[in-house]
Amino acid sequence: MTTTSRDTVTAMRARAIHAGYPGVPVLHGVSIEVAAGEMLAVVGPNGAGKSTLLKVLGGSMKPGAGSVELFGRPLDSIERRELARIVASVGQENAVAFRFTVLEIVLMGRAPHLGALRFESPHDLEIASAALDRFDLLDLAARHVQELSGGERKRVFLARALAQEPKIALLDEPTAFLDLKHVAEIFARFRELCTERGMAVVATLHDLNAAALYADRVLLLADGAAVAYGTPAEVLTAENLRRVYETDVYVGRNPLTGALIILPAALPNARA
Amino acid sequence: MNAAAGNPAPQRNSAAHLTRSRLLSILAALAILLIVCAAAGALFGSAHISLVRAFSDPTSPDHAIFFGARLPRVLMGVIVGAMLAAVGTALQALVRNPLAEGGILGISGGGALGAILALVMSAKLGGGEAAVPLCAFGAALLSTVAVYRLAMVDGQLEPFTLLLVGVIFNAFWGAAIMLVNSVVNFYYAHSILFWLMGSLEAPTYREAAMVAGLGLAGFAVLMFQARDLNLLSLGDESAAELGVDVDRLRRTIFVATSVMIGAAVSVSGIISFVGLIVPHTLRLVFGADHRLLLPASLIGGAAFMVAADLVARVAIAPAEIPVGAITALCGGPFFIYMLRREGRRPLSL
Amino acid sequence: MLVGHQPMVAVGAGTYLDELMRIARADNIAADAGEQWPHLSMEYIIAMRPQVVLDGSMGTDPSSSSGFWEKYPAIPAVRDHRVFGYAQDPIVHPGPRVGQSLEIIARMIHPEAWQNVSAGAEQ
């Protein structure tokens with residue numbers, strides 16, 4: 001998967017991000033650049049700072065140092081609601097407090113486009129339907145979100161993000177809870193969106209193989225710092241992975257598809 | 001019309017989302033319910049009067065009773081019930097928990113304590129009869145701030161912490177009131193009862209109008225936040241990512257609700273559970289969209305309160321049961337039922 | 001006769017104060033309320049058209065004025081200015097000062113009978 005050769009508009013650029021929580025620094029000088037229509041996978045061990053990076057990119061966390069630019073504009077200069085029309089985020093936890101239906105949740109994605117008291121128009125309903133359709137949720141439109149399984153709820157939140165019509169999507173573990181079929185479908189859908197609409201996607205993943213297969217570029221993060229940044233083949237090398245995950249891996253090619261595959265090579269040494 | 005692969009748009013299943021027509025038809029149905037309840041409240045009471053005579057003959061006792069006592073009382077029921085229910089809805093949205101309500105969070109209790117303290121000290125401080133409701137109002141606002149402050153953990157408003165703080169506050173206000181009750185003379189001990197039991201007697205239309213005015217103003221503020229309240233159900237972060245200024249929303253709701261509860265408590269004492277029963281029932285039937293739920297609670301709360309007061313006035317006529325007792329009798333079992341329901345499906349937040 | 005007007009608790013049948021009222025030759029409008037200390041609604045009080053109202057809050061609380069009752073001119077007692085406040089202590093509490101309490105109540109209910117009798121001469 002190479003970046004398309006059309007005029008690459010830089011959708012998002014982050015420079016030297018230092019960020020963390022009071023007393024706990026998390027990110028140390030991370031920089032990324034995502035072009036429109038590109039998918040960037042952020043991988044790394046637990047606690048590496050993947051979710052924190054996503055929060056900074058989405059504007060819900062202010063970095064201690066460094067800057068984020070969206071389409072050339074500084075992130076903190078963009079007003080909240082406009083930001084919501086540009087960036088859509090889907091977190092790891094997808095809790096809903098009350099008995100809303102699937103359609104109502106997806107329609108909430110239209111909120112940044114609507115005023116305080118305006119009702120959703122047929123146009124908004126169309127967009128919501130399209131989003132539901134893309135994530136295979138039309139049959140569940142009238143069901144209450146609280147009754148759905150974790151995987152179904154995740155798809156509802158992804159559909160909501162899509163209904164925002166964002167130019168950039170930030171997804172934190174989008175394929176957690178999803179079964180094999182839906183993992184493939186989610187990525188296929190987002191790749192479609194990258195191509196069709198030039199959407200830029202930044203997704204944190206635990207699944208290295210998915211990253212290898214679907215992402216245009218990969219950022220390998222460990223202890224809050226970028227270990228490697230480039231195409232999957234460049235980043236996901238046995239050497240890098242052994243260093244970061246402290247375990248031997250086998251990196252090869254899928255005989256069926258030719259895609260990069262990463263498998264654990266051996267069990268870690270037994271503790272003495 | 002649908003751009004996607006030939007699938008039909010989601011059926012015009014009216015339960016799937018809120019449309020303007022659905023909003024209006026539900027509100028109209030509730031308004032009819034309110035009119036029925038209000039009519040019942042106007043027709044029945046501890047005194048037997050003829051409505052016909054009340055309207056036709058201004059000098060008749062029927063007229064005096066109806067316009068002097070019964071109508072103000074029904075109006076007060078409408079106003080206070082509407083306000084308490086709307087506040088309950090807003091507070092539940094704020095804490096993302098259906099178990100929140102002005103009485104449960106200790107706000108009414110604080111207001112009552114303020115009134116009682118003002119009453120007891122007014123002999124020494126002067127200030128007249130107007131000082132007491134004003135103190136109730138102020139105390140309710142202070143209680144709101146206190147509960148809010150204590151429940152904030154690292155800048156995050158934890159719903160269960162808020163509930164716990166509210167319960168503790170209630171216990172504390174109750175103890176304080178009991179303390180006052182035990183040391184003051186008979187007159188104050190008797191007067192404290194008014195605040196604890198709640199009463200919808202309204203001496204003047206002007207008083208009722210003032211409370212109604214405050215209530216409507218507060219409600220208008222709440223309605224403007226209705227969509228944002230929907231978004232708040234997704235969590236603080238998700239709401240912010242959808243463009244909501246969560247801090248400002250919180251502050252606005254708190255100010256509006258405390259003004260409304262303060263006004264209600266200052267004229268009618270503590271009446272609990274209205275803000276719990278009405279929003280929850282409406283949410284079960286009509287869904288959680290606050291653009292519908294807020295006005296529906298307003299109307300439904302008014303109907304509920306008027307009905308409860310009717311029972312209070314008529315059940316053991318000519319003697320009365322305090323209306324707060326009626327709502328609590330309904331509310332206690334209802335609360336237990338809700339706890340058991342929610343317990344089965346944990347409120348993951 | 002009311003213990004107070006907020007909340008509106010009346011003296012019912014079977015109470016010591018009711019007995020005092022009967023001795024003072026007054027009809028207690030709350031006697032049929034079925035309870036000893038019934039809460040009454042204002043509409044009931046208006047409907048029963050009392051000629052005299054004895055209000056404990058008015059007499060005890062210095063800031064409580066007759067303004068509360070003046071909003072209801074349909075009540076004969078209000079119209080005829082026969083709303084009286086009484087001090088709850090000692091009247092509400094039965095004790096050795098029963099005689100004084102009875103005299104106070106009787107004076108309020110039948111002032112015309114007491115015109116020639118000075119205070120304290122009750123047998």
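The structure is a predicted model, in which local features need pLDDT of at least 70 and side-chain atom pairs count only at pLDDT 80 or more, while totals for chains, interfaces and linings use all residues. Residues are numbered from 1 along each chain as its sequence is written, and chains are lettered from A and ligands numbered from 1 in the order in which they are written.

A:E246 has a positive phi of about 55° although it is not a glycine, and its place is in the loop between α9 (238-245) and β11 (249-253) of chain A. A:E246, however, counts as exposed, because it has 10 C-beta neighbours inside 10 Å.

**Chain B and its helix pairs**

The secondary structure of chain B comes to 14 helices and 3 strands, and buried residues make up 54% of its 349 residues. Among contacts in chain B between residues at least 6 apart in sequence, 78% join residues at least 24 apart, where a contact means that two C-beta atoms, placed from the backbone, lie within 7 Å.

| Helix pair | Angle | Axes |
|---|---|---|
| α12(B) and α13(B) | about 125° | 9 Å apart |
| α5(B) and α11(B) | roughly 145° | within 8 Å |
| α1(C) and α7(C) | about 55° | 9 Å apart |

Helices α12(B) and α13(B) are oblique to each other, in a scheme where angles under 35 degrees count as roughly parallel, over 145 as roughly antiparallel, 65 to 115 as roughly perpendicular and the rest as oblique. The residues of the contact divide into 11 nonpolar, 3 polar and 1 charged, with Ala, Val, Leu, Ile, Met, Phe, Trp, Tyr, Cys and Pro counted as nonpolar, Asp, Glu, Lys and Arg as charged, and the others, Gly among them, as polar.

Helix α5(B) also passes α11(B) in a right-handed crossing. Among the residues that meet here are B:P133, B:F137 and B:Y148 in α5(B) and B:F254, B:I261 and B:V267 in α11(B), and the contact divides into 11 nonpolar, 4 polar and no charged residues.

In chain C, α1(C) and α7(C) are oblique to each other, and their crossing is right-handed. C:L20, C:M21 and C:I23 in α1(C) meet C:S101, C:L102 and C:I105 in α7(C), a contact of 5 nonpolar, 1 polar and no charged residues.

**How the chains meet**

Of the 2 pairs of chains in contact, chains A and B share the most contacts, whereas chain A and chain C do not touch, their nearest C-alpha atoms being 40 Å apart. Between the other two chains, 31 residues of chain B are in contact with 30 residues of chain C. The elements giving two or more residues to this side of chain B are α3 (61-95), α4 (107-125), α7 (186-197) and β3 (319-320), and α7(B) gives the most, with 7 residues. This side of chain B divides into 16 nonpolar, 10 polar and 5 charged residues.

Strand β3(B) runs antiparallel to strand β3 (residues 39-40) of chain C, joined to it by 2 bridges; two strands pair if DSSP finds at least two bridges between them. In β3(C), C:H39 is the bridge partner of B:E320.

Definitions and conventions. Helix = DSSP H or I, 4+ residues; strand = E, 2+ residues; numbered from the N terminus. Axes fitted to C-alpha atoms, helices over the stretch in contact; angles between N-to-C directions. Buried ≥ 20, exposed ≤ 12 C-beta atoms within 10 Å, placed from the backbone. Left-handed = near helix turned anticlockwise from the far one by under 90°.
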